[in-house]
Amino acid sequence: MAVATRDRAAELRRSLAEHTATGDAAPVIVVDNASADETAAIASVAGARVIRLSRDLGAAARNLAVREAGTRYVAFADDDSWWEPGALDRAVEIMDAHPRAALLAARVLVGEQERPDPVSEAMARAPLGRPADLPGPSVLGFLACSVIVRRDAFLQVGGFSPVLRFGGEEELLALDLAAAGWGLAYVPELVVHHHPSPHGRDPAARRRREVRNRLLTAWLRRPLPVLGHQLLTALAGADGRRGALAAVRAFPAVARARRPVPPEVEAARAALADY
């Protein structure tokens, strides 16, 4: 189990308690993104292996946990999410039985009311079919707090981008796995509980980050007309314009890394455009 976190000691205390209560034999690796609070100490007391960073790497901190893990599969959780008892053991069985699957996306239940997450509902309806060699509907997106990955496949494609950090960082990884021939599937029998923390959340900032990362991902992997359409859409609103400006500022870091996905992967991604 890999958890990347920063300055969320209270949330981490609860989620780690839930992890240890599941009964699944999954060691927990916590990557502390340069927290200023007691995050690292709480993780250590809870029995997790702790990787302390001197600077915030964002989502790319998860890559360090995957490299550190000695297991064939690595599950991800956020500091405010946890897997239902038995789900990880079942996920291992499914991954063993489906060697082309690089990633399984669980069904996410939100809050004390356990509301289905809209992303989970969208994945259940994804129009990409269900290949015979995958255990559920094929997907090209996921919530990072609720997936299990095949370690070798994850490392093969480089994991999460250090440029994208947080906010829609999942799309680039999904495209890279698919481009490498791996399968991604939604498996609703696997369940993750997500209790989003109210602390440190700024919806407008999140929207701007998502616009930024959507544009950078389009440059990196998608046809240029798609990038142009997304840019025009972004410029229609204030948050979109600020997100686009942030993408322009980050562009030098990815300018030479453009590698469009194969036509079949782009066709699948395009099928999800209005979904």
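Modeller: Contact here means heavy atoms within 4.5 Å. This is a predicted model, in which local features need pLDDT of at least 70, side-chain atom pairs count only at pLDDT 80 or more, and totals for chains, interfaces and linings use all residues. Residues are numbered from 1 along each chain as its sequence is written, and side-chain values use heavy atoms, with hydrogens and water left out.

Biologist: Which residues is leucine 177 in contact with, leaving aside its neighbours within four places in sequence?

Modeller: They are Ala102, Leu103, Ala153, Phe154, Val157, Trp182 and Leu184.

Biologist: What are the buried residues of helix 11?

Modeller: Helix 11 (residues 263-271) has Val265, Glu266 and Arg269 as its buried residues. Buried means under 20% relative accessible area, exposed over 50% and partly exposed in between, with a 1.4 Å probe and protein chains only. Helices (H or I, at least four residues) and strands (E, at least two) are DSSP runs, numbered from the N terminus.

Biologist: Why do they line one face of the helix?

Modeller: Seen down the axis of helix 11, the buried residues fall within an arc of 100°, so they line one face. The arc is that of the directions from the helix axis to the C-beta atoms.

Biologist: What do these buried residues pack against?

Modeller: They pack against helix 7 and helix 9 (224-234). Pro263 and Glu264, both exposed, are on the face turned away from the buried side.

Biologist: Turning to strand 1, how many bridges join it to strand 2?

Modeller: Four bridges join strand 1 to strand 2 (residues 29-32), and the two run parallel. Strands pair if DSSP finds at least two bridges between them. Alanine 4 has valine 31 as its bridge partner in strand 2.
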